[in-house]
Protein chains: 2
Amino acid sequence: MSETESIGFKAALEEAKKGFSEGGVPIGACLVDKDGKILGRGHNMRVQNSSATLHAEIATLETAGRLPASAYKGATMYTTLSPCDMCTGACILYKVSRVVMGENNTFVGGDDYLKQRGVEVVNLQNAECEQLMSEFIRKHPEDWYEDIGEPEKGHKH
Amino acid sequence: MSETESIGFKAALEEAKKGFSEGGVPIGACLVDKDGKILGRGHNMRVQNSSATLHAEIATLETAGRLPASAYKGATMYTTLSPCDMCTGACILYKVSRVVMGENNTFVGGDDYLKQRGVEVVNLQNAECEQLMSEFIRKHPEDWYEDIGEPEKGHKH
Ligand SMILES: [Ca+2]
Ligand SMILES: [Ca+2]
Ligand SMILES: [Zn+2]
Ligand SMILES: [Zn+2]
């Protein structure tokens with residue numbers, strides 16, 4: 001089975017779409033443990049909650065709640081977009097074994113640093129993830145650039 | 001004026017003590033902008049909120065709320081302990097200019113990586129910060145090891 005068909009990626013993509021429908025930054029994530037059980041899922045809440053820290057991966061770890069280190073062992077963080085430095089650091093903190101990202105055309109985050117720190121990285125180059133982001137950034141560039149801590153660069157076509 | 005006397009460090013230490021009095025992991029933080037204004041402050045909420053992501057620095061960034069990239073320019077993140085990989089990444093994401101830590105004897109987080117990514121790092125080697133952590137870890141080692149994503153190592157004297 002391709003990772004694109006996994007429950008983790010499907011859930012992450014559902015979360016991204018939910019975020020999009022709420023008018024939020026359409027990035028979703030899902031944490032799946034070594035036995036294939038979903039530990040948590042969530043989406044970016046910058047717009048919805050005026051949150052500077054609830055990126056999809058952080059929202060997912062928060063939903064998963066307090067867990068011992070052993071719970072993250074062998075786990076995979078699915079995310080629809082390459083994780084930013086904060087979310088990269090969160091995956092490293094909890095020693096998540098793998099990060100499966102929908103795409104990294106919209107934004108390249110910690111792909112290399114994750115590998116350097118021993119995390120397996122898979123990029124699905126998924127067109128649907130990219131389309132959600134392209135549409136959002138076209139409409140709300142200021143929300144997107146704020147989310148990645150960059151001065152607004154305006155529209156890019 | 002020494003950084004130990006700064007409003008940012010004083011607020012971070014107050015937050016750590018507040019966390020301690022609540023029975024939580026006694027780490028506090030405070031974000032101060034380039035003009036010396038406090039943007040946000042907070043403390044670790046693992047125990048109090050069953051939170052896996054509200055480390056002191058994340059709680060602080062969350063309290064500061066949605067801000068444009070320009071707001072973090074020249075800002076200092078004060079934290080009573082060397083920041084973990086997640087909080088290190090959060091400071092890098094928002095391009096905080098400086099991280100002033102109370103101490104790094106209890107735990108060494110992203111000190112080197114922050115410097116590598118262009119963030120100025122100051123260590124105050126503050127005994128009060130270290131004492132709060134020593135007392136907490138002696139009483140609740142399991143909460144502390146969970147907070148840094150490590151299997152419990154038991155008491156260390
Ligand atoms: Ca807008
Ligand atoms: Ca305890
Ligand atoms: Zn992120
Ligand atoms: Zn942290």
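1. In chain A, strand β1 (residues 28–32) and strand β3 (residues 76–79) run antiparallel and are joined by four bridges. Two strands count as paired if DSSP finds at least two bridges between them. Strands here are DSSP runs (E, at least two residues), helices are runs of H or I with at least four residues, and both are numbered from the N terminus. Within this pairing, Ala29(A) has Thr79(A) of β3(A) as its bridge partner, and Cys30(A) stands opposite Tyr78(A).

2. A word on what you are looking at: this is a predicted model, in which local features need pLDDT of at least 70, side-chain atom pairs count only at pLDDT 80 or more, and totals for chains, interfaces and linings use all residues. Residues are numbered from 1 along each chain as its sequence is written, chains are lettered from A and ligands numbered from 1 in the order in which they are written, and side-chain values use heavy atoms, with hydrogens and water left out.

3. Now the whole sheet. It is open, has five strands in the order β2-β1-β3-β4-β5 (chain A), and its pairing is mixed. The edges are β2 (38–43) and β5 (120–123) of chain A, each of which pairs on one side only. From one strand to the next the twist averages 15°. Helix α3(A) packs on this sheet and touches β1, β2 and β3 of chain A, its direction making about 140° with that of β2(A). Such angles run from 0 to 180 degrees between N-to-C directions, with axes fitted to C-alpha atoms, for helices over the stretch in contact.

4. Buried means under 20% relative accessible area, exposed means over 50%, and partly exposed lies in between (1.4 Å probe, protein chains only).

5. Which residues hold the zinc ion (ligand 3)? The donors are His55(A) through ND1, Cys84(A) through SG and Cys87(A) through SG, at 2.0 to 2.3 Å. Their spacing in sequence is H-x28-C-x2-C. His55(A) sits in the loop between α2 (46–49) and α3 (56–64) of chain A, while Cys87(A) belongs to helix α5 (residues 85–93) of chain A, so the pair ties together parts that are 32 residues apart in sequence. Both His55(A) and Cys87(A) are buried. Donors are N, O and S atoms within 2.8 Å of the metal (3.2 Å for Na, K and Ca), and sites may look incomplete because water is not among the atoms.

6. Helix α5(A) itself is mostly covered: nine of its nine residues are buried. Among them are Asp85(A), Met86(A) and Cys91(A). After the helix comes Lys95(A), with a positive phi near 55°.

7. The calcium ion (ligand 1) has His140(A) (ND1) and Glu142(A) (OE) as its donors, at 2.0 to 2.6 Å. His140(A) counts as partly exposed at 29% relative accessibility, and Glu142(A) also counts as partly exposed, at 36%.

8. Do look at His43(A), in strand β2 of chain A. His43(A) is buried, with a relative accessible area of 7%. Its side chain makes polar contacts with the side chains of Glu15(A), at 2.6 Å, and Glu22(A), at 2.8 Å. A polar contact is a pair of N or O atoms within 3.5 Å; within protein, one must be able to donate a hydrogen and the other to accept it, and residues adjacent in sequence count only if both atoms are side-chain atoms.

9. How do the two chains relate? A rotation of 180° with 0.0 Å of shift along its axis superposes chain A on chain B (RMSD 0.0 Å), so the copies are related as by a two-fold rotation axis. The superposition is by least squares on the C-alpha atoms of residues with pLDDT of at least 70 in both. Of the interface residues of chain A, 100% are also interface residues in chain B, so the copies meet through the same surface.

Technical notes: Contact = heavy atoms within 4.5 Å.
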